Amino acid sequence: MAPYEPVYIPVPADWSIPPLHFQVHDSASFGSITFFDNVKPPALMLEAVLHVLKALYVPESVPRHVRSITLILRPMPGVAHTTSNTLDDAHKEIHLSSQYVAKNAGRARDEIYGVIVHEMVHCWQFDGGGTCPGGLIEGIADWVRLKAGFAPPHWSRTSPPEKWDAGYEQTAFFLSFIEDKYGSGTVVKLNESMRDGRKWDEGVFEGVTGRGVEVLWGEYRRTFGRTSGGNGGGGGGEPAVPTHGV
Ligand SMILES: [Zn+2]
């Protein structure tokens, strides 16, 4: 029998990645067993961090306020949420529902990766000291998920949402449209505009693209055909379901 050789994933030094921890609270549940059958926690967390950092930063601009990230797999309602250790905001916690993993056993790997990439964005993004619209916070998180290739089948662009900051994949597709039309880097600049607690200012859209957000929104809405169901992207056609808690 050949000697055991673990697959070692080197942590890139230039990204200054903090310690990544993992806890499982119901290791014998169907959801947890499904989790371990489909992902390896060290690779999952490291890859999720790298997806987020490469989408929003360069090594020199990575925020230094995150001191650790703990993924906690446990039985709970809902999907997942991100919070901080009650004693220290620098220690982030991502809680993932083992019941949700069980419900998505058929596509567990991609769904786990997608949800964790989304939550990982919340560990690293700026929020303008709480002034950023919730829809943009969630839209940026799903934009990174989309960019990382983990858009779930139920995401759909079959009809335009009511407003640009409707959130989640609705805003993610809008951000993706802007990146495609006006060049990549828009989302990076939106995020950077709120660094160090600077307040959110909608005018940043105009500063970056030369057009105000409502003009951009109008351009985006016009990409949807009246009867053809838009220009693709999400597929599936099922009702969009929020895939996480926070
Ligand atoms: Zn979220």
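Which residues are linked with Glu111 in a network of salt bridges? Please take the network apart, then move on to the aromatic rings and the core.

Reply: The network of salt bridges links Arg107, Glu111 and Arg145. First, some ground rules. This is a predicted model, so local features need pLDDT of at least 70, side-chain atom pairs count only at pLDDT 80 or more, and totals for chains, interfaces and linings use all residues. Residues are numbered from 1 along each chain as its sequence is written, and side-chain values use heavy atoms, with hydrogens and water left out.

Now the network. A salt bridge is a side-chain nitrogen of Lys or Arg within 4 Å of a carboxyl oxygen of Asp or Glu. The structure holds 7 of them. Arg107 bridges to Glu111, with the closest N and O atoms 2.3 Å apart. Arg145 also meets Glu111, at 3.2 Å from N to O. Helices here are DSSP runs of H or I with at least four residues, numbered from the N terminus.

How accessible are these residues? Buried means under 20% relative accessible area, exposed over 50%, and partly exposed in between, using a 1.4 Å probe and protein chains only. Arg107 is partly exposed at 25%. Glu111 is buried at 3%. Arg145 is buried too.

Next, the rings. Phe, Tyr and Trp rings (for Trp, the six-membered ring) pair if their centres lie within 6.5 Å; planes under 30 degrees apart are stacked, over 60 edge-to-face, and the rest tilted. The whole structure has 15 aromatic pairs. One of them is Phe35 with Phe36, edge-to-face, at 5.4 Å centre to centre and 85° between the planes. Phe35 is buried at 0%, while Phe36 is partly exposed at 38%. Phe174 and Trp217 are also edge-to-face, at 5.1 Å and 90°. Phe174 is in helix H6 (residues 168-182) and Trp217 in helix H9 (residues 213-221), 43 residues apart.

Last, the core. A nonpolar core is a set of buried Ala, Val, Leu, Ile, Met, Phe, Trp, Tyr and Cys residues joined through side-chain atoms within 4.5 Å. The largest has 66 residues, and Leu96, Met120 and Trp124 touch the most other members. Helix H2 (residues 41-56) gives the most, with 11 residues. Domain 1 (16-124) and domain 2 (127-232) both contribute, so this core lies between them. Those bounds come from an automatic or database domain assignment.

Methods
Helices (H or I, at least four residues) and strands (E, at least two) are DSSP runs, numbered from the N terminus.
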